[in-house]
Amino acid sequence: PVLDTEDAWMSVEGPVSIVELALEQKRIHYPLVEHQFVLCTLLYTIMRLSLKGVKPLSLFDSKGKNAFFKDLTSIQLLPSGDMDPEVLSIRQQFLLKVVSAAVQTLCSSQKDREVSEEEYFPFEKGKNWPTLAADLAQYLQISEDLVRRHYVCELYSYGMDHLGEE
């Protein structure tokens with residue numbers, strides 16, 4: 001972008017403006033940032049739902065693992081459309097475990113004290129964990145329908161038929 005400045009500002013001395021500093025920065029590689037975001041979301045989900053026995057880096061192939069340790073401005077080879085079936089299986093199991101844990105947490109808290117999901121997760125108002133799992137399914141190349149079907153089955157198995165019907 002062209003920055004037009006008035007003549008009066010040309011003679012001013014001092015530190016470089018924040019706009020000029022921002023323009024000098026290298027551009028980031030957005031798919032790499034998105035890849036990092038997926039990892040952060042996975043880690044937060046594991047922590048928040050207290051999932052045990054999950055190895056987050058096992059959800060990525062070798063290209064995906066290597067991309068985590070590169071500069072965000074570098075253009076890296078990210079995982080392509082063809083994935084190892086074993087990695088896809090691990091991802092699918094993880095997403096189903098997320099949905100099961102979210103429904104179990106919600107149902108156990110409602111049975112204990114009749115509280116809503118917003119009260120149980122006070123810092124995450126509006127956070128719908130099964131929907132988050134379905135969104136992650138897109139990034140992890142897993143069928144969203146599979147995750148949604150598992151969610152409905154979990155709701156029915158915990159006696160939440162009215163939510164399962166919806």
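Helices (H or I, at least four residues) and strands (E, at least two) are DSSP runs, numbered from the N terminus. Welcome to a short tour in close-up views. This is a predicted model, in which local features need pLDDT of at least 70 and side-chain atom pairs count only at pLDDT 80 or more, while totals for chains, interfaces and linings use all residues. Residues are numbered from 1 along each chain as its sequence is written, and side-chain values use heavy atoms, with hydrogens and water left out.

View 1. Read from the N terminus, its elements follow the order α-α-α-α-α-α-α-α-α. Of its 166 residues, 31% count as buried; here buried means under 20% relative accessible area, exposed over 50%, and partly exposed in between (1.4 Å probe, protein chains only). The protein exposes about 11400 Å², with 55% of that supplied by carbon and sulfur atoms. Such areas come from the Shrake-Rupley method with a 1.4 Å probe, and for residues only the protein chains shown count as cover. Among contacts with a separation of 6 or more, 67% link residues 24 or more positions apart, where contact means heavy atoms within 4.5 Å.

**View 2. A nonpolar patch on the surface is formed by Leu3, Ile18, Val19 and Leu23.** Together these four residues have about 390 Å² of accessible area. Patches are made of residues with over 30% relative accessible area and no salt bridge; like charges are joined within 9 Å, and nonpolar side chains (Val, Leu, Ile, Met, Phe, Trp, Tyr) within 5 Å. Ile18 sits in helix 2, which covers residues 18–24. With a relative accessibility of 70%, Ile18 counts as exposed.

**View 3. Tyr44 and Trp129 are one of two aromatic pairs.** Rings of Phe, Tyr and Trp (its six-membered ring) pair if their centres lie within 6.5 Å; planes under 30 degrees apart count as stacked, over 60 as edge-to-face and the rest as tilted. The Tyr44 and Trp129 rings have centres 6.0 Å apart and planes at 25 degrees, so this pair is stacked. Because Tyr44 belongs to helix 3 (residues 30–48) and Trp129 to helix 7, the pair ties together parts that are 85 residues apart in sequence. Tyr44 is partly exposed at 32% relative accessible area, whereas Trp129 is buried at 0%.

**View 4. Phe60 and Phe68 form an edge-to-face aromatic pair.** Their rings are 4.9 Å apart centre to centre, with 85 degrees between the planes. Phe60 counts as buried at 3% relative accessibility, and Phe68 is buried too, with a relative accessible area of 10%.

**View 5. Helix 7 spans residues 129–139 and has several buried residues.** These are Trp129, Pro130, Leu132, Ala133, Ala134, Leu136 and Ala137. Just after this helix comes Gln141, with a positive phi of about 60 degrees.

**View 6. Two residues other than glycine, Ser50 and Gln141, have a positive phi.** Most residues other than glycine have a negative phi. For Ser50 the angle is near 55 degrees, and this residue is found in the loop between helix 3 and helix 4 (62–67). Gln141 has its place in the loop between helix 7 and helix 8. The relative accessibility of Gln141 is 35%, and this residue counts as partly exposed.

**View 7. Arg148 forms a salt bridge with Glu144.** The closest N and O atoms of the two residues are 3.2 Å apart. A salt bridge is a side-chain nitrogen of Lys or Arg within 4 Å of a carboxyl oxygen of Asp or Glu, and the structure holds one of them. Both partners lie in helix 8, four residues apart, about one turn of the helix. Arg148 is partly exposed, with a relative accessible area of 41%; Glu144 is partly exposed as well, at 25%.

**View 8. Glu154 lies in helix 8, which covers residues 144–157.** Glu154 is buried, with a relative accessible area of 14%. Its side chain makes a polar contact with the side chain of Ser100 at 3.5 Å. A polar contact is a pair of N or O atoms within 3.5 Å; within protein, one must be able to donate a hydrogen and the other to accept it, and residues adjacent in sequence count only if both atoms are side-chain atoms. Leaving aside neighbours within four places in sequence, Glu154 is in contact with Ser100 and Val103.
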